[in-house]
Amino acid sequence: MTFDDFARIQTRRDFFRYVGGGLETIAIAHLLAEEGRTAVETPAVNPLAPKDPHFAPKAKNVIFLFMAGAPSQIDLYDPKPELRKWHGKPLPPSLTKDLKLAFVKPTAKVMASARRFTPHGRSGLEFSDYLPRIGENADEICMLRSMHTEAFNHHPGQSLLMSGSPLPGRPTIGAWAAYGLGSESQDLPAFVVLSSGRGASGGSSNWSSGFLPSTYQGVVFRSSGEPIPYLANPPGVTPPTQRARLDAIRKLNEQRYHDTGDLEIASRIQSYELAYRMQTSGPELTDFSGEQQQTLDSYGVGKEPTHPYATNCLLARRMVERGVRFMMLVHASWDDHQEIDKRLAKNCAITDQPIGALLDDLKQRGLLDETLVVWAGEFGRTPMGQLERIDEPFGRDHHPNCFTIWAAGGGVKGGQVIGKTDEIGLNIAEDPIHIHDLQATLLRQLGLEHTRLVYRHMGRDFRLTDVGGNIIEKMVA
């Protein structure tokens, strides 16, 4: 610097005029570095890091028991003795003129349920004789008998239940929960899917992240052996070799990040590290050797026909203990268009004991208060029977007008029924509850305001509840 240059910056104003550009650059670099957007250091970007909810939550975790195929509420949760008066007769056209039916005609004959319903617990909630173990938890359960939906076919119905839209491609509720809250587990995904039975017709769209980053989609676990395929190293690949390979990939990714400042690259580094940690935590999760035999027996682990679903329910409890945010247990199929008594008996024999044990186990361990358990299908079943073949017993058709879903734990007021259907189970008589209302309420229990949990995509803000959704105030404590 010459004397003339020095002379030009003798005042503070002149100093900032001549060298301020450099100071501005330093200031901007400092602010960008705090956001992880400079090439000074690779930030530890973890999209699944725990996030603050909008307000104090009632529940930390969700176990969503998805009964894909639409179980019959008339035969499980919503007794209709008046149907016996109509048994074998068609309903009058005045009652059926606006019905949306998938297969049967409005003139189909009414079929009364063969099930016996009895009250349970202090609350006296009625359950079918096919569900004795779930019924034992009546005082923990809030039964929603007035659910309704627009979809009357399986894939759109499942999509609406899970993503808030009958069209596939949007994020599902588990993905929204992971996006809004992250995960308390550093070694397992935030959103885990466990499946049994034949598989849901909606398939992977039921746990998709849609247009959210793929980090938030459901990760499908298997209930035996390796929880995730290809989790173990192939023969000849030792842990030191794998660690060296990951370190080399990390260095390449870090170099690329330094060149671009792209946070997605930093996020990818964290995804590789999570996958590496899962190789240890995954097998430990499925190792039941530390569980008491009494606990295994209560779930029905190792016995038929309960073993597959019992294993999934026990895994769900263990995931809650390890901080997994959202667990979806898919069991299919409840699509009983024929032989409904026989098929319901089979599926209830598979699921009733494990679900009852899950609720008991969570309660005994002090986990039910902060774990929201939901039992749901995509729609219900008609009071009219469906006869597919003359030599087979009746089934029931799809019915979106009214059906039953229940929830327990996680701040839910148990021991009550919300909503009422008419005497024959055809339409809602009191307190209609839309799918979006249920979704809004589940998010609220997690501490999320459904109108504020949004993601901008293609020029507009999307949310799980679309443009609807009201909190079911009677349901929450």
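Both faces of strand E1 are covered. On one side sit Asn 61, Ile 63, Leu 65 and Met 67, and on the other Val 62, Phe 64, Phe 66 and Ala 68, all buried. Buried here means under 20% relative accessible area, with a 1.4 Å probe and protein chains only. E1 spans residues 61–68, and eight of its eight residues are buried. Strands are DSSP E runs of at least two residues, helices H or I runs of at least four, numbered from the N terminus.

Quick note on the model. It is predicted, so local features need pLDDT of at least 70 and side-chain atom pairs pLDDT 80 or more, while totals for chains, interfaces and linings use all residues. Residues are numbered from 1 along each chain as its sequence is written, and side-chain values use heavy atoms, without hydrogens or water.

Now the neighbours of E1. Two strands pair if DSSP finds at least two bridges between them. E8, residues 371–376, runs parallel to E1, joined by six bridges. Ile 63 stands opposite Val 373 there. E7, residues 326–332, also pairs in the parallel sense with E1, over seven bridges. Met 67 has His 331 of E7 as its bridge partner.

On to the helices. H11, residues 307–321, packs on H12, residues 340–364, at about 20°, axes 8 Å apart. Those axes are lines fitted to C-alpha atoms over the stretch in contact, with angles from 0 to 180 degrees between N-to-C directions. That makes the two roughly parallel, a label for angles under 35 degrees. By class, their contact (heavy atoms within 4.5 Å) has nine nonpolar, one polar and two charged residues.

Definitions and conventions:
Angles under 35 degrees count as roughly parallel, over 145 as roughly antiparallel, 65 to 115 as roughly perpendicular and the rest as oblique. Ala, Val, Leu, Ile, Met, Phe, Trp, Tyr, Cys and Pro count as nonpolar, Asp, Glu, Lys and Arg as charged, and the others, Gly among them, as polar. Buried means under 20% relative accessible area, exposed over 50%, partly exposed in between (1.4 Å probe, protein chains only).
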